[in-house]
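Morning, everyone. Please have a look at the model on the screen, and keep the sequence open beside it.

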Amino acid sequence: MTNKDVVSALEEIVMLLDLSGESVFKGRAYTSVARRIEQMDGDIAALAKEGRLREIKGVGDALEQKIQELVCTGKLEYLEKLRAKFPDTLFDLFRIPGLGAKRVKQLYEEKQIDSLDALKESCESGGLAELKGFGPKMIEKVLKGIEFAGRHAGQFHFERAYEEAVRLLALIQEDSAT
């Protein structure tokens with residue numbers, strides 16, 4: 001398990017916490033530790049083996065246990081439980097420009113939109129226009145994004161792009177908190 005793997009898992013947790021409506025402060029804690037791990041010179045796995053994870057600023061009992069589990073087993077039950085709260089197809093919505101965690105959460109909670117097909121149908125039927133922040137320009141942007149995603153399906157490494165988007169979102173959130 002590399003530092004990058006741990007950072008990716010922590011960033012995914014932040015996104016899932018946002019979707020779950022958890023406290024912003026909880027997400028910031030994960031983001032802060034992810035940034036510190038990202039900037040570390042050393043190996044997170046070595047720190048975990050040596051029982052020195054607490055040396056990373058912001059790592060308390062809960063994060064220490066989660067990172068230890070992730071590094072030792074390659075899996076994290078907490079992350080799996082968060083993922084299980086949402087249908088896999090919901091994560092496809094992040095492929096659409098302008099749809100971040102807050103908007104995806106809004107679509108899912110207010111309109112039960114959990115896939116690109118459901119999003120397209122809601123755009124075309126006018127259902128999306130009922131939501132705050134989804135005016136004609138945004139709906140047009142979403143439809144173009146859906147078309148683009150459909151045309152270029154399989155041409156992108158979604159996993160890598162998603163990880164980078166989550167990392168950038170975390171940086172923006174951290175920066176805006178200061």
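A quick word on names: helices (H or I, at least four residues) and strands (E, at least two) are DSSP runs, numbered from the N terminus. Gln112 sits in the loop between H6 and H7. Is Gln112 buried or exposed? Gln112 has a relative accessible area of 54%, so it counts as exposed. The cut-offs are these: buried is under 20% relative accessible area, exposed is over 50%, and partly exposed is in between, with a 1.4 Å probe and protein chains only. Now find Leu90, which is 22 residues from Gln112 along the chain; their C-alpha atoms are separated by 9.9 Å.

Some ground rules. This is a predicted model, where local features need pLDDT of at least 70, side-chain atom pairs count only at pLDDT 80 or more, and totals for chains, interfaces and linings use all residues. Residues are numbered from 1 along each chain as its sequence is written, and side-chain values use heavy atoms, with hydrogens and water left out.

Back to H6 itself. Which residues of H6 are buried? They are Ala101, Val104, Gln106 and Leu107. These buried residues pack against H1 and helix H7 (116-125). Contact here means heavy atoms within 4.5 Å. Keep one rule in mind: an α-helix has 3.6 residues a turn, so residues three or four places apart point the same way.

Step back to the whole chain. The protein chain has nine helices and zero strands. Its C-alpha trace spans about 55 × 35 × 25 Å along the principal axes. There are 178 residues, and buried ones make up 38% of them. Take the contacts between residues at least 6 apart in sequence: 61% of these join residues at least 24 apart.

Next, a helix pair. H1 packs with helix H5 (residues 77-84) at an angle of about 40°, and their axes are 10 Å apart. Axes are lines fitted to C-alpha atoms, for helices over the stretch in contact, and angles run from 0 to 180 degrees between N-to-C directions. The crossing of H1 and H5 is left-handed. That is the word when the near helix is turned anticlockwise from the far one by less than a right angle; clockwise would be right-handed. From H1, the contact uses Ala9, Glu12, Ile13, Leu16, Leu17 and Ser20. From H5, it uses Tyr78, Leu79, Leu82 and Arg83. By type, that contact has seven nonpolar residues, one polar and two charged. Ala, Val, Leu, Ile, Met, Phe, Trp, Tyr, Cys and Pro count as nonpolar, Asp, Glu, Lys and Arg as charged, and the others, Gly among them, as polar.

Zoom in on Leu82, in helix H5. Leu82 has 4% relative accessibility, so it counts as buried. What does Leu82 touch, leaving aside its neighbours within four places in sequence? It is in contact with Ile13, Leu16, Leu17 and Ser20.

Now the second largest pocket. Rolling a probe the size of a water molecule over the atoms shows where empty space is left. On a 1 Å grid over the protein atoms alone, with a 1.4 Å probe, a pocket is an open set of points with protein on both sides within 12 Å along at least five of seven lines; lining residues have an atom within 4 Å of a point. This pocket holds about 220 Å³ of space. Helix H1 (3-20), helix H2 (24-39), helix H6 (101-111) and helix H9 (158-177) each give two or more residues to its lining. Val14, Arg28, Lys102 and Gln173 are among the lining residues. The lining divides into three nonpolar, four polar and five charged.

Two of those residues come up again with Thr31, which is found in helix H2. Thr31 is buried, with a relative accessible area of 3%. Beyond its neighbours within four places in sequence, Thr31 is in contact with Val14, Ala170, Gln173 and Glu174.

Last stop, Leu168 in helix H9. Leu168 counts as partly exposed because its relative accessibility is 41%. Leu128 lies 40 residues from Leu168 in sequence and 27 Å from it in space, C-alpha to C-alpha.

Note on methods. Points joined across faces, edges and corners; volume = space filled by probe spheres on them.
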